[in-house]
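Have a look at the structure first.

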Amino acid sequence: MTSLRQAQGNARERIQQVAEQWFLTEPVFFAVYCSHRLAMNANMQCPLRTGQGRIEYNPTVIDALQDNQLNELLKVEMIRILLQHPYARQPLGCKPIVQHAASDMVISPAYKLAWIDLTKPEDFGLPVGQHYEWYAARLNGMAVHLDGSRQSEGDSGGDSGEWTKDSSASEGTSKSQETGEAQGTGKQQVETDYTALWEEDPFQARLITDIIQGSTMWGSIPGGMIELIKKAAEGKIDFRSALRGFRASILSRKRRLTRMRPSRRFGFEQMGSHYDFTTHLLVAVDTSFSTGSDELGRYFRIITTFFKYGIQEIDVLMFDADVQGKPFTLKEAKKNLQEFKVQGRGGTNFQAPVDYVKEHPDYDGLIIITDGYAPTPEVPPHLKAKLLWVIDNESSFRIHYESLRKTGRVCLMEL
């Protein structure tokens, strides 16, 4: 029986041999491989995983794979890195098993594999051709069975929005082994292990972008996948960074003196200071563009996540050609999403919410959620409220970014 030390040596040597073959045949894969450190991890249940600048491998599992299986497995992980799924495109609030399935759904239609059966969009009744974040958001909103289990006849079906994947194989497991080894809790642990190293890493994302932009020879990568990779490397304003920066820019605090806290300089001889957060935020939703209640619910949950601390009050306002009604709290907006379908639906006038915060100077910040198709508003130089534009689609983002950024921060948030 092969010892762990023998398996480690064999696995490392086999992986390096695959990479050496890529030097001439798959130059992009070779460049990505060289940008990461190869490391052994016998405790994980998946054969390979990437992230944090490493390619980790389980020597025991790798030792059981055939050469063509190992080659395909490595290629898939290199593609994930090229798509920047482990580094720059982390969907907010998604489970690891959902992240891995969503990544598969982007790869599987464009990159056909002989042995590995990746999760496909049709496995969950989803359309082909959507981006990673879109699939992750849809899967995360479902009661999804990703562990290979089947629903019983008594379980609810498609009418409840619940989907079950009939899994035929998973990465690192041959099709003959799948039914005995990749079921239930074990399958979930494997899927969780795959994405355990995934986290936002601007340095690694920049490194991969440089590799992509400097590549002219793409080897066996299909043309459709090359386009997806190049698109993933194009510069975007990450909405998480934009939201964090916007929050920091609008936080206002009110100083009051207190004898319960000593002065830093004079101790208890002088009164100390206490600061209360007094920031008011207005979220203006463009009701003239076709965003459903599910998408609005996700926007509101993201806003809640980023602004739950330090903001005294968050109001939501609807507008199209004009302001529609009065603002109500974010909590009320999340409970009554259907109201956004009733009011508005006329043309779009960005001047309306800007004028509103001009007339209501208590607001420190204004977030406008829109598709971006309207003239850029005139923002008074003395306006107290700072602006953040949240654009819901990439084409509009590219068209309107330069003009809108003159009035405030702009970010793309596709859901």
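1. A quick definition to start: two strands count as paired if DSSP finds at least two bridges between them. The model is a predicted one. Here, strand β2 (residues 48-51) and β3 run antiparallel and are joined by four bridges. One partner to check is L48, whose bridge partner in β3 is Y57.

2. The hairpin of β2 and β3 has two residues between its strands, and Q52 takes a positive phi there, near 55°.

3. β3 also pairs with strand β1 (residues 37-40), this time in the parallel sense, again over four bridges. On that side, A39 has E56 of β3 as its bridge partner.

4. Which way do the side chains of β3 (residues 54-57) point? R54 and E56 go one way, I55 and Y57 the other, and all of them are buried.

5. On to the rings. With a cut-off of 6.5 Å between ring centres, the count is seven aromatic pairs. One to look at is F350 with W389: the centres are 4.8 Å apart and the planes sit at 65°, so this pair is edge-to-face. The two residues are 39 apart in the chain, F350 in the loop between α13 (330-335) and α14 (351-359) and W389 in strand β10 (residues 386-391). Both F350 and W389 are buried. Ring pairs also link F319 with F350 and W389 in a cluster.

6. F397 and Y401 make a tilted pair, 5.3 Å centre to centre with 40° between the planes. They are four residues apart in helix α15 (residues 394-404), so about one helical turn separates them. F397 and Y401 are both buried.

Terms used. Residues numbered from 1 in each chain as written. Predicted model: local features only at pLDDT ≥ 70, side-chain atom pairs only at ≥ 80, totals over all residues. Heavy atoms only, no water. Buried < 20%, exposed > 50% of the residue type's maximum accessible area, 1.4 Å probe, protein only. Phe/Tyr/Trp six-rings, centres within 6.5 Å; stacked < 30°, edge-to-face > 60°.
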